[in-house]
Amino acid sequence: MREGAVALRIKAIGVFTVVALGLGAAAADAATTWPGDSATRTADGTNVFGKNLSGLSFESAGVVWAVKNGPSTLYRLVPSGSTWKVDSKRSLKFKNGKGDPDAEGVVSTPDGLFVVTERDNDNGDVSSPMVLKFGSGSNAAAEWKLPGMPSVDPNDGPEAISWIPDSFLTAQQFKDDTGKLYNPADYPAHGTGLFAVGLEATGGIFLYALQDGGAKLVSKFASGQAQVMDLEWENNRLWATCDSNCSGRATTLAISDGKFKVTATYDRPSKLPNVNLEGFAISPSCVSGKKVVLWSDDDNTSSHALRSGSLNCTV
């Protein structure tokens, strides 16, 4: 979501959604202490990104991808001492070379780099939920419209994206929404996993196979959050995070009886400001019992859009 959304309206939507998805108030509200260090720090230079930095994804311990939702920009970040610096950046366009994709989330996968958008900023009054795949250029190499989502305000659409490997889904005997065991062969040319997309307005998660002939909705489930700002696949679980409208809390989900269910709810680190945290990413590397965690602040509070903390590897 870009700056300027009406927080009170969003909060009202979120409260209704928790009830509608069958989650009691306790499930949404009960939280435990962040399972890592309480301290965090700024992780970028002063005014490197400005406002609207949204999604984050680790490609490796030494490479992070970030997207800005307006103007649509993709950044490649690398370590620079205790911070991260921009190694390269490029403007993003739709496959036809036009428009300004409202890039809200990014994920690096074995099948490539994917960005989720909720609309074209050049036509901001029209909802257009899509996933775009990018190679080395500015124009999307492929794009998929996302079926099966409820109608929402154009600025309350898909906000988060992550990727879950087929190997995990089959090993855990994941079932689609018809109750059938997931079989990757049922979705030809979809790559090696499914894409989880988080809908900001409802907190719902939608699982898609991105095929040559279009996106196929495989399953949808509740995140345990009133809203979803980012999703992250880590250690055989899916993290769903929210911004200041939910006090920066995070939930984790795992497969039980064939379905994704919430396993834990965590408060943000106690020394992480309760700001507009739209991006969330966890390093794949464990060092001295800790993993690096990054958050992006869409509002660029105090001239910084990137914050760093840690997660215990054994959680």
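Let's start with a pair of neighbours: strand β15 (residues 237-241) lines up with strand β16 (residues 250-256) in the antiparallel sense, and four bridges link them. Keep in mind that you're looking at a predicted model. The pair belongs to an open sheet of four strands, and another open sheet, also built from four strands, includes β7 and β8. Here's a quick tour of both.

**The sheet with β15 and β16**

- Reading across this open sheet, you meet the strands in the order β14-β15-β16-β17, and the pairing is antiparallel.
- At the edges sit β14 (230-234) and β17 (259-266), and each of these pairs on one side only.
- Going from one strand to the next, the twist averages 30°.

- The edge spots go to β6 (101-109) and β9 (142-145), which each pair on one side only.
- The twist in this sheet averages 25° from one strand to the next.

**Zooming in on β7 and β8**

- Strand β7 covers residues 112-120, strand β8 covers residues 127-134, and the two pair in the antiparallel sense over six bridges.

Conventions. Residues are numbered from 1 along each chain as its sequence is written. This is a predicted model: local features need pLDDT of at least 70, side-chain atom pairs count only at pLDDT 80 or more; totals for chains, interfaces and linings use all residues. Side-chain values use heavy atoms; hydrogens and water are left out. Two strands pair if DSSP finds at least two bridges between them. Axes are lines fitted to C-alpha atoms, for helices over the stretch in contact, and angles run from 0 to 180 degrees between N-to-C directions.
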